[in-house]
Amino acid sequence: MFDAQCDLAALVYDDNDDPDAVLRAFAADLKAHGARVVGMVQTGQCADSSLSAVLVHSGETLLLAQPPREGATGCKLDLSRLQAAGVRVADALTEGADLVIVNRFGKRERDGKGLGFVIERALDADIPVVIAVSRSSFADWIKFAGGMSVKLACDRHALDAWWRNVSLRTAARTAPDHTTVCEVFK
């Protein structure tokens, strides 16, 4: 599914990190500078049943939690809502994108469900992807990605450095008067 030419990054976070804030600020800054960023970033929490995601390309907020049941505490992810949100992201890719942001890698993606199809579609279109991955799920992520992923600290400095590198390579690939060594040997 993935190859060495992909630009796939895992923003690896611990319990005390806030990958959502990092990704939201990153997306906002890229968009302010004219980049087309497609994807979703988590908002809300299960603790109060407000688990949702913001589509970074449209600003729309989509609820991802199942409706609360009487007497229940916390929330449960609604897989059909997650899939519908993923379809919205995948559909937005048809208009082109410079970057795709996926809010989380979790057990659904590990098991072949969730937003894995969004990652595949983006990489098939040579669009870089960044995804938040908890440290406890990182081994599963490496298996999912076939080892073809950059591991980033959950901070803006690491994310910005990765993006500069990716965007320079992308610009070099698309420059009409420049052919890379890799392109010659393909």
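Is R81 buried, exposed or partly exposed? R81 is partly exposed, at a relative accessible area of 28%. The legends below describe close-up views of a predicted model.

**View A. The salt bridge between D78 and R81.** The closest N and O atoms of this pair lie 3.7 Å apart. R81, at 28%, is partly exposed. By the rule used here, the structure counts 9 salt bridges.

**View B. The salt bridge between D29 and R156.** Here the N to O distance is 2.7 Å. D29 sits in helix α1, which covers residues 19–32. R156 belongs to helix α6, residues 156–174. The two partners are 127 residues apart, and the pair links distant parts of the chain. D29 is partly exposed, with 35% relative accessibility. R156 is also partly exposed, at 24%. The view takes in D160 as well: D29, R156 and D160 are linked in a network of salt bridges.

**View C. The salt bridge between R110 and D111.** The closest N and O atoms are 3.1 Å apart. R110 has a relative accessibility of 42% and counts as partly exposed. D111 is partly exposed too, with a relative accessible area of 48%. Side chains of opposite charge can pair when their charged atoms come close.

**View D. Aromatic pairs around F105.** The structure holds 5 aromatic pairs. In one of them, the ring centres of F105 and W141 are 5.1 Å apart. Their planes meet at 75 degrees, so this pair is edge-to-face. F105 lies in strand β5, and W141 in helix α5, residues 138–144. These two residues are 36 apart and link distant parts of the chain. Both F105 and W141 are buried. F105 also pairs with F144, at 5.3 Å centre to centre. The angle between the planes of F105 and F144 is 55 degrees, and the pair is tilted. F144 lies in helix α5 and F105 in strand β5, so the pair ties together parts 39 residues apart in sequence. Both F105 and F144 are buried.

**View E. The ring cluster of F26, W162 and W163.** Ring pairs link the three residues into a cluster. A pair of aromatic rings is described by the distance of the centres and the angle of the planes.

**View F. K151 over the ring of F138.** The charged end of K151 sits over this ring. The distance from the charged end to the ring centre is 4.8 Å.

**View G. The largest pocket.** The space in this pocket comes to about 400 Å³. It is lined by 19 residues, and those closest to its centre are Q42, L77, R104, G106 and R108. By class, the lining has 8 nonpolar, 6 polar and 5 charged residues. Rolling a probe the size of a water molecule over the atoms shows where empty space is left.

Methods:
Residues numbered from 1 in each chain as written. Predicted model: local features only at pLDDT ≥ 70, side-chain atom pairs only at ≥ 80, totals over all residues. Heavy atoms only, no water. 1 Å grid on protein atoms, 1.4 Å probe; cavity = no way out; pocket = protein on both sides within 12 Å on 5 of 7 lines; lining within 4 Å. Points joined across faces, edges and corners; volume = space filled by probe spheres on them. Nonpolar A, V, L, I, M, F, W, Y, C, P; charged D, E, K, R; others polar. Salt bridge = Lys/Arg side-chain N within 4 Å of Asp/Glu carboxyl O. Helix = DSSP H or I, 4+ residues; strand = E, 2+ residues; numbered from the N terminus. Buried < 20%, exposed > 50% of the residue type's maximum accessible area, 1.4 Å probe, protein only. Phe/Tyr/Trp six-rings, centres within 6.5 Å; stacked < 30°, edge-to-face > 60°. Lys NZ or Arg CZ within 6 Å of the ring centre and 35° of its normal.
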